[in-house]
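Reader: I have a model open and would like to know how its labels were assigned. Could you take me through them?

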Amino acid sequence: MEKFQRYYLSFLLLIVYTNTIAQVNCNAVEGEDCKKACELYNWASDRQGSRQSQEAFDKAIGLCPDFSNSYMEKAVPYLKNGDFVTWKILIDKAVDANPKMHLGYRGWCKFQFLRDYKGAIRDLEELKKYYPDDLGRSLNGDYHLEVVKAMSYSALGQKEKAAGIIEKVLASKGYFKGMYDHYQLGVTYFELGRYDKALENFEKQSKENNFAENIYFKSKVSKIRNKDYLDLKKLALMTYDEGRTMKDVYTHHFNKIYRKQIEEL
């Protein structure tokens with residue numbers, strides 16, 4: 001029940017957060033043109049990706065170039081469709097207009113979509129100037145942005161630094177764990193050859209949210225230690241076929257594992 005409540009709350013927080021950034025209270029916006037831009041933005045946000053919504057965002061930008069949300073929402077369909085060049089032009093304008101609001105989102109997207117790990121780290125370090133105590137979470141709710149920063153360091157080969165960041169976050173008071181925190185920490189320790197710490201985190205992940213990739217790495221640890229690993233390999237394959245894997249609607253998770261890799265173990 002506790003595990004269900006944790007992930008239900010995570011999902012609920014994501015819905016609330018997404019709705020909050022999508023809709024704006026236009027009564028709080030100063031200036032008549034900017035109020036009109038805000039109203040156009042709210043109307044267009046509910047029709048994201050359509051020609052009408054993109055035209056409405058253009059009108060909103062024309063009325064109030066400093067209203068950063070219009071650039072951000074106009075950029076989203078380009079990101080989803082893989083037009084990263086156009087997306088970056090627009091999201092950069094959003095960040096220039098309001099870095100406090102959009103740096104975290106841009107940093108997350110650089111990590112998750114562009115695999116621009118250095119760019120992600122720069123954005124998240126810059127965001128710390130505005131939110132020194134808590135950077136917040138990724139837009140999909142799976143990760144705290146400190147963990148995103150850690151994974152970026154890991155991807156750049158700075159494994160010890162990555163592990164240290166995640167350990168610190170997990171030990172912080174009141175921290176709300178992400179879906180894959182212990183898995184990512186476990187993989188980092190595995191890559192460092194610290195198999196006791198790796199297995200410790202894979203076991204913790206199993207108790208909170210088990211999936212094929214996590215079982216695969218537990219199997220790898222067993223094989224390295226010359227222990228029976230075939231039962232775990234079989235379980236990883238079965239779990240994979242049941243669809244219990246790391247999922248993302250638009251892209252692939254960091255340290256994602258595929259069936260062929262499990263088969264070849």
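Author: Gladly. A disulfide here is a pair of cysteine sulfur atoms within 2.5 Å. The model is predicted, so local features need pLDDT of at least 70 and side-chain atom pairs count only at pLDDT 80 or more, while totals for chains, interfaces and linings use all residues. Residues are numbered from 1 along each chain as its sequence is written, and side-chain values use heavy atoms, leaving out hydrogens and water.

Reader: What makes Cys34 and Cys64 a disulfide?

Author: Their sulfur atoms are 2.0 Å apart, and the cut-off is within 2.5 Å. The torsion about this S-S bond is 75 degrees, and the link is right-handed. Cys34 lies in helix H2 and Cys64 in the loop between helix H3 (51-63) and helix H4 (68-80), so the pair ties together parts 30 residues apart in sequence. Helices are DSSP runs of H or I with at least four residues, numbered from the N terminus.

Reader: How many disulfides does a search of the whole structure find?

Author: The search finds 2. The other bond joins Cys26 to Cys38, with an S to S distance of 2.1 Å. Its torsion is about -85 degrees, so this disulfide is left-handed. Counting bonded cysteines along the chain, the pattern is 1-3, 2-4.

Reader: Why is Cys26 called buried?

Author: Buried means under 20% relative accessible area, exposed over 50%, and partly exposed in between, with a 1.4 Å probe and protein chains only. Cys26 has 12%, so the word buried applies. Cys38, at 0%, counts as buried too.

Reader: Is Lys110 buried or exposed, and how do you know?

Author: Lys110 has 7% relative accessibility, so this lysine counts as buried. Lys110 is found in helix H6 (residues 99-114). Leaving aside neighbours within four places in sequence, Lys110 is in contact (heavy atoms within 4.5 Å) with residues including Asp116 and Asp123.

Reader: Which residues have the most contacts inside the largest nonpolar core?

Author: Among them are Tyr105, Phe111 and Phe217, in a core of 60 residues. A nonpolar core is a set of buried Ala, Val, Leu, Ile, Met, Phe, Trp, Tyr and Cys residues joined through side-chain atoms within 4.5 Å. A second, separate core of 12 residues includes Cys34 and Cys64.

Technical notes: Helix = DSSP H or I, 4+ residues; strand = E, 2+ residues; numbered from the N terminus.
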